[in-house]
Amino acid sequence: MLNVPPQAFPAPSSQQRAAAGGRAKVPLKPGRSLMDWIRLTKSGKDMTGLKGRLIEVTEDELAKHNKKEDCWICIRGFVYNVTPYMEYHPGGEDELMKAAGTDGTDLFDQVHRWVNYESMLKECLVGRMAVKPIAAPKEITSVCEEKKQLNGMLPEKKVLSGASKDLTPSYDWFQTDSLITIVIYTKQKDMNAELVILDHEDKRLRGEIIVDDYSYLLEVDLDHAVEEDMAVNIAEKVGKVEIILKKKDNVHWKILGQPLESHNTFMKRTDRGLFYRKCKLVLKTEVTHDTKLFCLLLPESTHLRVPTGQHVYLKQIIAGTEVVKPYTPVLPFLPLDFKEPSCHDSAHIYLMIKIYSCGLFTQALDHLQIGDCISVSNPEGSFKKSQVQTSEDLFLLAAGTGFTPMVKLLNFALTEVSCLRTVKLIFFNRTEDDILWRNQLEQLALKDQRFEIQFILSQPKKDWVGKQGMISSSLLSEFVKRSRKDSKVLICICGPTPFTEQGVQYLKDLGYSQEEVHPFTA
Ligand code: FAD
Ligand code: NAP
């Protein structure tokens, strides 16, 4: 089955009729928005029923609180009374009830790994699970020396088995009078800049290497201070990554530094917490009446490239609560000369964001001033460039800001995929005024014969002579056609969740296979 959530969202009158996450939202009652929840948590009301007392919770006790009117959930060893949160949960009460009276960590990680529940639910904290000592599992090695588990509810640290340990990257370091060089041997042939994420702030160095679905982490408190800027050299063929730091003082380092908790670990990417760094807003320009292009500057001490088809999370403190939302970086403009601009500009992240008049996060974003900072996470997403590399026909179905993943994808396809015969963007919007980068798209279509653009409006003004309608089977059968009977095709789809869900279903009904369709979700 395709990875598209089954529920339908939302109130037809709402401005954004879709999920912010991978799951569809359910319409919330008036007065039950995230902002209303934040207000309630600040009101001083006793949310746990324990008058501020924290208790130790046994498994038996947790299991007793499994009803809508009395619901406790454990996440990563901490127990929350989520009863007052029920009506505010964007995924609906039933979704939350799936974890009632149990450990909801896995369920939570599947759906909202990026949501900061500690901040959202801090007033609902009942306490910790009672500690139950257990013998150290056989496979746990130096990577995880935890000998106790909290009733089995701590997230298990994934350690690789004997055979795959050979694939675990390793590192070494050396120094001159002025430089510290750290070398990571990734044991991967096709290393590239997108697979290396580095940050250092004060004396803390964090280097993450992505190896398929796994990540290797180097995380140390450096022995001495270093300058902000650094150099990163990647020997792609042999998979060697060199990080060159400049010493602030000309002293001899005895050690690289003190290892931090996750230092030298190799585990599933999804088991790592999201890491954020502060980026400065350097430019904000209008794209349409409600959509803006934000340009964020990465710190000099960060090395980060967001791969095509992936998104980042932005984090802001809104009314004292951490709120996180995903956004898909675009390019500053649609290049017509087919040179990858990110090669020249890796210091900036461009985001095209629609500002909703009642939106919690986008309203706060819109109030950021040039020079203000915002936290930006490491990239995430399931899209792989290799999906396009073997395609002959590429169809992109986008609705509204669902256009954002298509920007880098278009550039990549037209620049680097030689076997592509046709690239077609079918772009759904309400009115002409809502079309993002219309001129640029039309110019690109004139410039490159392989590229075709089709605008479809759902609420056009009278003078619109183009196509009108919503996503439907007949529209797709008209516009999504293989250029040859046996063409290898890839269809990417992104927009409000119900749009994506319906599109995927229609394509399936039209005979396209699961491998031929990629829906963008969180
Ligand atoms: P919200 O406060 O969530 O509200 C938005 C609107 O929907 C408001 O009008 C609100 O009244 C209404 N609404 C919200 N919830 C409900 C509900 N349950 N019932 C009825 N109405 C409701 N957006 C972009 O602009 N650009 C991007 O590049 C981008 N990339 C994304 C990438 C991914 C992977 C995903 C999943 C989403 C992406 N989004 C993007 C959407 C983005 O994450 C936010 O959802 C969006 O910015 C709205 O945030 P908000 O907090 O301002 O709005
Ligand atoms: P919008 O303006 O509300 O809608 C764009 C077009 O899609 C309109 O023609 C609209 O028609 C149509 N549409 C909306 N809901 C639909 C539905 N349920 N079924 C069929 N057609 C529908 O879009 P937006 O406000 O820009 O929202 C874009 C969405 O894309 C957001 O939900 C965002 O979360 C999502 N997004 C996801 C990703 C990702 O990677 N997963 C990336 C970027 C954006 P009518 O409104 O006239 O019916």
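A salt bridge here is a side-chain nitrogen of Lys or Arg within 4 Å of a carboxyl oxygen of Asp or Glu. Glu322 and Lys315 form one, with their closest N and O atoms 3.9 Å apart. This is a predicted model, in which local features need pLDDT of at least 70 and side-chain atom pairs count only at pLDDT 80 or more, while totals for chains, interfaces and linings use all residues. Residues are numbered from 1 along each chain as its sequence is written, and side-chain values use heavy atoms, with hydrogens and water left out.

By the rule above, the count comes to 23 salt bridges. One of them joins the side chains of Glu194 and Lys385, at 3.5 Å from N to O. That pair links distant parts of the chain, 191 residues apart: Glu194 sits in the loop between strand 9 (179-185) and strand 10, and Lys385 in the loop between strand 24 (373-377) and helix 8 (386-389). Helices (H or I, at least four residues) and strands (E, at least two) are DSSP runs, numbered from the N terminus.

Cys494 belongs to strand 29. Its relative accessibility is 11%, so Cys494 counts as buried (under 20% relative accessible area; exposed is over 50%, partly exposed in between, with a 1.4 Å probe and protein chains only). Cys494 and Phe403 are 91 residues apart in sequence and 7.0 Å apart in space, C-alpha to C-alpha.

Terms used
Chains are lettered from A and ligands numbered from 1 in the order in which they are written.
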